[in-house]
Amino acid sequence: GFSALFAGLWLKTAGPRKIALIGGILYGGGIILAGFSGIGIWWLYLTYGLISGVGLGFAYIVPISVIVKWFPDKRGLMTGIAVGGFGVGALITAPIATNAINSVGVLETFIYLGAILTIMAGGSGYFMQNPPEEWVPAGWSANKLKLDTKPAISFSFSEAVKKRQLWALWILLFLNSSAGITIISQEVPIFQELAGVTLL
């Protein structure tokens, strides 16, 4: 969460491609390094927990930011699709990881998955870019874009953190994310039970 905050602030000057590439390398690289956790549990916390977590925050914020600029007329729908992709990723990766663990072992699975995720996240990050400055969807007015996206009242970062509304929204998002992450960890068995199927 803190890395996403930092990445969101840095995104304005660095651009989405750079943040996405850094995020993909940190995320996948942290998972690869976790494959050497035989040296101690502290190494797992440092690599999979911290390095990969920072990378995930960087990589997560970019598509959310970029997609609303490309689809200003469908912000809610497109953000929902992007966030939904986060959950579907767990649905796909979990059975693959389970099979890999059974085949080659836990630490080796970290290395293989980390390499694949570095290539996929870094590769897709390369294509992340904002639309041109004055770009709007066909049939949509630039004036409407300015009216829809410009808030009635604008706050600086230091002013915003003093507002109770920001913290109320933050707590709401925190609770929502906590529930989501809890469900994601059990997504595959829930799907298998409800659908009556076995994945892989």
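Buried here means under 20% relative accessible area, exposed means over 50%, and partly exposed covers what lies in between, using a 1.4 Å probe and protein chains only. At 0% relative accessibility, T47 counts as buried, and we will come back to this residue below.

A word on the ground rules. This is a predicted model, in which local features need pLDDT of at least 70, side-chain atom pairs count only at pLDDT 80 or more, and totals for chains, interfaces and linings use all residues. Residues are numbered from 1 along each chain as its sequence is written, and side-chain values use heavy atoms, with hydrogens and water left out.

## The chain as a whole

Read from the N terminus on, the elements run α-α-α-α-α-α-α-α-α. Along its principal axes, the C-alpha trace spans about 60 × 40 × 35 Å.

Of the 200 residues in the protein chain, 24% are buried. The accessible surface comes to about 13200 Å², and carbon and sulfur atoms hold 71% of it; such areas come from the Shrake-Rupley method with a 1.4 Å probe, and for residues only the protein chains shown count as cover. Contact means heavy atoms within 4.5 Å. Among contacts in the protein chain with a separation of 6 or more, 68% link residues 24 or more positions apart.

## The nonpolar core

The largest nonpolar core has 7 residues in all: A7, L11, I19, A20, F58, V62 and V66. A core of this kind is a set of buried Ala, Val, Leu, Ile, Met, Phe, Trp, Tyr and Cys residues joined through side-chain atoms within 4.5 Å. The elements giving two or more residues to this core are α1 (2-14), α2 (16-34) and α3 (41-70). Helix α3 provides the largest share, 3 residues.

Which residues does V62 touch, leaving aside its neighbours within four places in sequence? They are L11, P16, I19, A20 and M128.

Let us start with α1. S3 lies in this helix and is buried, as its relative accessible area is 12%. Its side chain reaches the backbone oxygen of V54 at 3.3 Å. That is a polar contact, a pair of N or O atoms within 3.5 Å; within protein, one must be able to donate a hydrogen and the other to accept it, and residues adjacent in sequence count only if both atoms are side-chain atoms. Beyond four places in sequence, S3 is in contact with G53, V54, G57 and F58. F6 also has its place in helix α1, but F6 counts as partly exposed because its relative accessibility is 49%.

In helix α2 we find G23, which counts as buried at 0% relative accessibility. Not counting residues up to four places away in sequence, G23 touches G55, F58 and A59.

T47 has its place in helix α3. Leaving aside neighbours within four places in sequence, T47 is in contact with G30, L33, A34, S37 and S52.

Here are some C-alpha separations for pairs that involve these residues.

| Pair | Residues apart along the chain | C-alpha separation |
|---|---|---|
| F6 and F58 | 52 residues | 8.2 Å |
| G23 and S52 | 29 residues | 8.5 Å |
| K18 and S65 | 47 residues | 14 Å |

## On the surface

I39, I41, W42, Y45, L46 and L50 form a nonpolar patch on the surface, with about 670 Å² of accessible area together. Patches are made of residues with over 30% relative accessible area and no salt bridge; like charges are joined within 9 Å, and nonpolar side chains (Val, Leu, Ile, Met, Phe, Trp, Tyr) within 5 Å.

Side chains of opposite charge can pair when their charged atoms come close. How many salt bridges does the structure hold? It holds 1, where a salt bridge is a side-chain nitrogen of Lys or Arg within 4 Å of a carboxyl oxygen of Asp or Glu. D73 forms it with K74, the closest N and O atoms being 3.4 Å apart. D73 counts as partly exposed at 32% relative accessibility, and K74 counts as partly exposed at 41%.

Note on methods
Helices (H or I, at least four residues) and strands (E, at least two) are DSSP runs, numbered from the N terminus.
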